[in-house]
Amino acid sequence: MEYYRNFMYIYVIGCHLFINTYSKDETKLKTHGDIIFGGLFPMHEKGREQGENCGDIKREKGIQRLEAMLFAVDRINKDPTLLPGLKIGVHILDTCSFDTYALEQCMDFIKAQMTTIDLADYKCKDGRTPEYVRLKPVTGVIGAAASTVSIMVANILRLFKIPQISYASTSLDLSDKSRFEYFSRVVPPDSFQATAMVEIAAKFGWNYVITLADDGNYGEKGVSAFEEKAKSYGICVARSLKISRLATNIEFDKIVSDLLSIHKARAVVMFVNEDNCRNLLASLKRLNKTTELTFLASDSWGAKIHPVYGQEILAEGTVSLLPKRMVIKEFDDYFLKLDLTHAQKNPWFLEYWESIFECSIKQKVNTTICTGHEDIVAFNREHYEQEGYVQFVIDSVYALAHALHALLETRCPGRFHECIIRTFLNGEDVLSKIRNVSFIGIGGDIVQFDKKGDGLGNYDIFQYQQIDDGSYDYVTIGEWTDRLIIFNDTMKFRSGSDKPPRSVCSEECPFGHIKNNTVESDTCCWVCIRCREHQMLKDEYTCQDCPDGYTPNKNLTLCIPLPVMHLTWDSLWVLLPVSVSTLGIFASGYVFYVFIKYNNTPLIMASGRELCFVLLCGILLSYGTTFILLAKPTIIICTIKRFILGISLCLIYASVLIKTNRIYRIFNRGVKAMVKRPSYTSPKSQIFICLCLVSVQIVGGLTWIGFEKPQTMYEKHYTDFLVLTCKASQIAILLSLVYNMMLIILCTVFGFMTRKIPQNFNEAKYIAFTMYSTCIVWLAFIPIYFGANHDFKIEITSLCMCVSISATVALVCLFGPKVYIVIFQPHKNVRQGAVPSLQSASRSFPKPYIPNVNNQTAICSKPTYASYESNNGHVTGVTKVVNCVHTTSTIEQTNDIFSDSMEEDEDEFCDESSFIPKPTEDKATSTSEQ
């Protein structure tokens, strides 16, 4: 396919050359030299009438650019260090800004390559053999300006391996070296410009814009490059609009209406030529929409006056780009000295002269004849301004010269002229040297090419502003050389604001929120959704749950392990319960000491010593429970914790239950309790029953361990931290507490039932008070514990305090009075009558049975208690019969019934009629009478 295409190109060119070889030459500029540089410049506008190729002369883009090439060639020819000994000639053609016409003109460059004449076919009139003067081929071509012209010309020059260097063509297509292998340019391609424009939009915070392009290669390719690069910056294009080649005012008005209809997109990115830019502003003026839109324009708008002239207020704030350039003062000096005599060298200079002075060299209707003495200096002083691409034309010429210099230096060092005569400069060799040149251009910037033959991306960024005197002008606000630099202090938008107008679809989400796109394909419009507390931000669109035991960091970018918390010994939450428990342990130890030291005193003996010691052990263990509950959980601590809390409470309330039950059973039987002692009231029996009750708790704990081995675990509290705690089944904990609660309830019931016993046995009242207080403590504990909102400090501390208070209540109420009497009132610690008064007894117990006193013949083999008499409601004595001999026992002997020193064997009574009691006098009174 490639071979066929090349063949067709050669065929067409051959036909063209055959037809035009002897036709009249078109206007061109040719100078002689050892090396010929070709040139393509838009000397005229494109013809307006059908069939007309060229229109009016172009003063700046045509004449100035051509003169820039002549200026550069003259400088090189005078430079002894660049191509020494060689003279550069030129062969410059007019493209008329028309691609097909430029292609026809370009055929002139390749005549030397295509001309193969057989001299045997020709003879002179005088019979001599004709001499053939071979044309010198162009070594390279400088141009063209428009991308469409360069694309057309590059296709032909490529076939004949003629290198081409453009000074203004920026189309992206020209970077495709598979199609335009011999094309290079000193200006950056539109891809660089598009990148710069994307970075500007991102800098201004514009993530929702509209694009507007001319119909054609320049506009469409530029917008396409912008949209492609905008994706990586999160910039969305709300809508892409296009201006047709022959757009009317009606079409421009519709385009403006479409731009204004997208309310959130206030920035318009433009790849539009200067004429269409002006027409767009005019449409805004007609619709009276002067401040709604802000433009970001490409180099086609640049810093030109034509688009904004007469409608400055509409363009205020517009940001535009131009390849970085310098005003070349040497060129100004050269150009301003030109006069009409220069027309001998430049065939288009006469037209330029006629254009600027509106006169004619040849007599024309309604025109003034040019005298040749017009004041060119005065005209230039008022109207001259250096055209923007003059610098790039000069750099293009120098790039080709440096490439040839490097090539000749390689082939024949120091003998350039001889080398040119002997050898032919191959286009491939010249191209390879062009791609490797690197020098300081006339503007002071480095000139070099990348692997695609494109120039470096250097742009100046301008903004059209209202300056201090009220006029408008372009102000440099930044530059772009591989990266964007904005001079913030020079920016000024409408109303003097230094902040760009907003052009966004949705505002940024607050911290901790994600974006939920309203349309899947539109990444710039969203609603904000807050992530949950335990989630991190995976990206701006996704919340991700943190694993168990992890929490998001402050920036919500990572999941970090939760801090592990446990109570430490220096914490106030620990110091308070530890202090209470420590005091309780000392107090319990002191009670132990008192009970051991005064073990054989009546009060201690009558209090039930064995159960008291068991009760004290439970109290001590309860105080010790605090230290286990507050300790850092380990396997051992967790094992102990399963037993100690339940067993300590069980020891206390099992002992209290046995005591209250014993008192209740004795007094509930009334006189029978003095005649026959109730069963299972001996110390051994009571200890055995107590241990049986405690063993239930122990067996439950062992069963719990069998089903669930003790181990530690991390429990998450809120989302802030983990608590190191013991793993425990809630059902097992509940069963353990329910068992102890049953003991407390039974103790409270028996305490209530024995609340009215005589004062000699008012320990039951203390037990009742103890149980009432215990119930109140535990009832208060429940709302505190479960109302702590899972604060482990409150939960553990409240549990410790509850256990310690329960132990303290038992210690103070049950042992306080006894210790007080033993220590501070020892005179009361004597054996006393413990039988209640008759009045109290009569209320609480059935009337006792009195045996027949007339029978005096009975003989008893064992001492027994026979009867008691009442005197004024008090027990006065009990007659004891031993071998039928009646004696009176003291009340101290009667108290032994309720003492823990009773013998295990029960006394048997004699037959009620076998003895006659002997009246005795009271030897002791009740405690209530003392």
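**Rings and cavities**

I looked up W480 to begin with: its relative accessibility is 4%, so W480 counts as buried (buried is under 20% relative accessible area, exposed over 50%, partly exposed in between, with a 1.4 Å probe and protein chains only).

I noted that this is a predicted model, where local features need pLDDT of at least 70 and side-chain atom pairs count only at pLDDT 80 or more, while totals for chains, interfaces and linings use all residues. Residues are numbered from 1 along each chain as its sequence is written, and side-chain values use heavy atoms, with hydrogens and water left out.

**Aromatic pairs**

I read that a pair of aromatic rings is described by the distance of the centres and the angle of the planes. Rings of Phe, Tyr and Trp (its six-membered ring) pair if their centres lie within 6.5 Å; planes under 30 degrees apart are stacked, over 60 edge-to-face, and the rest tilted.

How many aromatic pairs does the structure hold? I found 25. One of them is F204 with F493, edge-to-face, at 5.7 Å centre to centre and 85° between the planes. F204 is in the loop between α6 (190-203) and β9 (208-214) and F493 in the loop between β20 (484-486) and β21 (513-519), so this pair ties together parts 289 residues apart in sequence. (Helices, H or I, of at least four residues and strands, E, of at least two are DSSP runs, numbered from the N terminus.) F204 is buried at 7% relative accessible area, and F493 is buried at 4%.

I then went back to W480, which pairs with Y459: the pair is tilted, 6.2 Å centre to centre, with 55° between the planes. Y459 belongs to strand β18 (residues 458-466) and W480 to strand β19 (residues 472-481), so parts 21 residues apart in sequence are tied together. Y459 is buried too, at 1%.

I also listed one aromatic cluster, which has F71, F331, Y334 and W353 among its members.

**Cavities**

A cavity is a set of points on a 1 Å grid over the protein atoms alone where a 1.4 Å probe fits but cannot get out; lining residues have an atom within 4 Å of a point. I counted six cavities of 30 Å³ or more.

Which residues lie nearest the centre of the largest cavity? They are V186, F392, I446, L456 and N458, out of 14 lining residues. I noted that α14 (390-411) and β17 (446-448) each supply at least two lining residues.

Conventions: On a 1 Å grid over the protein atoms alone, a cavity is a set of points where a 1.4 Å probe fits but cannot get out, and a pocket is an open set with protein on both sides within 12 Å along at least five of seven lines; lining residues have an atom within 4 Å of a point. Grid points are joined across faces, edges and corners, and a volume is the space filled by probe spheres set on the points.
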